[in-house]
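Let's take a walk through this structure together. Have the sequence and the 3D view ready, and follow along.

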Amino acid sequence: DLRKSKALPKIDTLLVAPALHCRQTAGILFPGLEYSICQLEEIDFGIFGGKNAGGLIGCKEYGAWLDTGCMGDIPGGGSVKQFKDNSCGVFKQILETSSPGVTAIVAHGGNIMAILEKFVLPQKGFFDYRLPNAGFILCRLEEGALYIESMANPG
């Protein structure tokens, strides 16, 4: 059981990205707890959507995107820069409107990576915050900056 094995803290507010898999994960981690939807949207993967890296071997557009360090615009999809800016803007709104207490956010890995890259001290790169599915990071907010308390991976 993920909830018990990871000793998740007691939370006061639960915010969940609108995607079905985020809502399902929230239900597993925090069963029966009411939540609000936050607008942390997943990036539009365009022509790469629904495929894993193995399924894209030999795709010239995928190779070109990899050559940008996965930071270029996705063919037929979204802008990574705009995605990161949107994720950080939504998070800033959450900070400005949240109630005191412990808030959990269940969102896509890319949203988490973008938010932590911008707000966590000491600063690191986007890919330094990559988590596996159902992994989580516990942060402490102090004077507008986030500090990582712990990171946990499922298993």
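Start with a pair of facing residues: Leu 138 has Ser 150 in β5 as its bridge partner. Strands here are DSSP runs of E with at least two residues, helices are runs of H or I with at least four, and both are numbered from the N terminus. Before going further, know that this is a predicted model, where local features need pLDDT of at least 70, side-chain atom pairs count only at pLDDT 80 or more, and totals for chains, interfaces and linings use all residues. Residues are numbered from 1 along each chain as its sequence is written, and side-chain values use heavy atoms, with hydrogens and water left out.

β4 pairs with β5 (residues 145-152) in the antiparallel sense, over seven bridges; to count as paired, two strands need at least two bridges found by DSSP. The two strands make a hairpin with two residues between them, and Glu 143 in that turn has a positive phi of about 50 degrees.

Another positive phi turns up at Cys 70, near 60 degrees. Cys 70 sits in the loop between α3 (60-67) and α4 (80-97). Most residues other than glycine have a negative phi, and most peptide bonds are trans. The bond from Leu 121 to Pro 122, though, is cis, with omega near -10 degrees. Look for Pro 122 in the loop between α5 and β4 (136-142).

Last stop: His 108, in the loop between β3 (103-106) and α5 (109-119). His 108 counts as buried because its relative accessibility is 6%; buried means under 20% relative accessible area, exposed over 50%, and partly exposed in between, using a 1.4 Å probe and protein chains only. Leaving aside neighbours within four places in sequence, His 108 is in contact with residues including Ala 17, His 21, Cys 22 and Glu 41, where contact means heavy atoms within 4.5 Å.
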